[in-house]
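I opened this model to look up how its parts pack together. My notes follow in the order I took them.

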Amino acid sequence: MQSRKHTRGRTAASPLRRIRFFTILGLLIPLSLISVLIWAMAQIQPGPSPSGTAPAFPRDTPSLILAGEGQEASWQLRLVNSTHPLPGDWNPDLSVIDPITGENFDSRALEYLRAMLDAMEREGLQPLVCSGYRSYESQEAIFQQNVETALCQGYTQEEAEEQAALWVMPPGCSEHQSGLAADIVSAENQNLDETQEDTPEQAWLHAHCQEYGFILRYPQDKTELTGVNYEPWHYRYVGEEAARDIMSQGLCLEEYAAPPG
Ligand SMILES: [Zn+2]
């Protein structure tokens, strides 16, 4: 009997225990899954956007600021030549260099140009900025004048454009359109030819322009690289550090701004 009672007791209790066990298990599994889901979502929220390409904003803010500063620092080193033309809508902020001539210069660099001209005048020299900023239209007009002159000398249209480009950049390709270039001559010799080299103004500029952030842009021994004839009167603002490097190492901007290799 005892054994039967015992057996009956066991057989009667087992289904109830199983029900309780499965009820608890049935509650625990969904609760565990919900907990895991909540934890997983909390891990995902601060991560990248669904596209997977956009960076998380707070983490990348410092590098974005640094990139902005880098771009801002390089505006004065922009290379402008026949293979690096300015966009047609290039429109720098300008200031008047001298109200008498009405020539303009990039507002960000004007103080350095003025400081250089003032230093020359204190030395008793007479510098004259005969050409500063040029618009696309005025550069085009100057280029066409030179083409016309070459055509009158018997060149074909193609040859005339090549001849003109030796002295005047085609529209879009002139540094004067950047607002950072100035043709500086002696008030006593305003001819844009090699006689400029013999003036005391050019002697001073060739020796000191880098102290004010300017370079002689088209040196005599770099015509192959610049694609422009020697112009002892054409100066370009690049900032003092770059100007000192370029002038002391005898480079042109093509070598400095886009070094080979
Ligand atoms: Zn020039």
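**Notebook: packing and metal site**

I began with helix 6, whose buried residues pack against helix 3, strand 3, strand 4 and strand 6. I note here that the model is predicted.

Next I asked which residues of helix 6 (residues 200-208) are buried. I found E201, Q202, W204 and L205. Looking down the axis of helix 6, I saw these buried residues fall within an arc of 160°, so they line one face of the helix. I reminded myself that an α-helix has 3.6 residues a turn, so residues three or four places apart point the same way.

Four strands make up an open sheet in the order 3-4-6-5, with antiparallel pairing. Strand 3 (127-131) and strand 5 (214-216) are the edge strands, each pairing on one side only. From one strand to the next I read an average twist of 40°. Helix 3 (residues 110-122) packs on this sheet and touches strand 3, strand 4 (181-186), strand 5 and strand 6. The direction of helix 3 makes about 140° with that of strand 3.

I also checked how strand 5 is joined to strand 6 (residues 234-237): there are three bridges, and the two strands run antiparallel. In that pairing, I215 stands opposite R236 of strand 6.

**Nonpolar cores**

How many residues does the largest nonpolar core have? I noted 24, and those with the most contacts inside this core are F105, L113, M116, I184, W204 and F214. Helix 3, strand 4, helix 6, strand 5 and strand 6 each supply at least two of its residues. The largest share, six residues, comes from helix 3.

Leaving out residues up to four places away in sequence, I184 touches L113, M116, L117, P127, L128, V129, Q196, Q202, L205, W233 and Y235. Another core of eight residues lies apart from the largest one; A243, I246, L251 and L253 are among its members. For context, I wrote down that nonpolar side chains tend to be buried together in soluble globular proteins.

**Zinc site**

Last, I looked up which protein atoms are donors of the zinc ion. They are NE2 of H176, OD of D183 and ND1 of H234, lying 2.0 to 2.1 Å from the zinc ion. Along the chain, the donors follow the spacing H-x6-D-x50-H. Are H176 and D183 buried or exposed? I recorded both H176 and D183 as buried.

Notes:
Residues numbered from 1 in each chain as written. Predicted model: local features only at pLDDT ≥ 70, side-chain atom pairs only at ≥ 80, totals over all residues. Heavy atoms only, no water. Pairing = 2+ DSSP bridges. Axes fitted to C-alpha atoms, helices over the stretch in contact; angles between N-to-C directions. Contact = heavy atoms within 4.5 Å. Donors = N, O, S within 2.8 Å, 3.2 Å for Na, K, Ca; no water. Buried < 20%, exposed > 50% of the residue type's maximum accessible area, 1.4 Å probe, protein only. Arc of directions from axis to C-beta. Core = buried A, V, L, I, M, F, W, Y, C linked by side-chain atoms within 4.5 Å.
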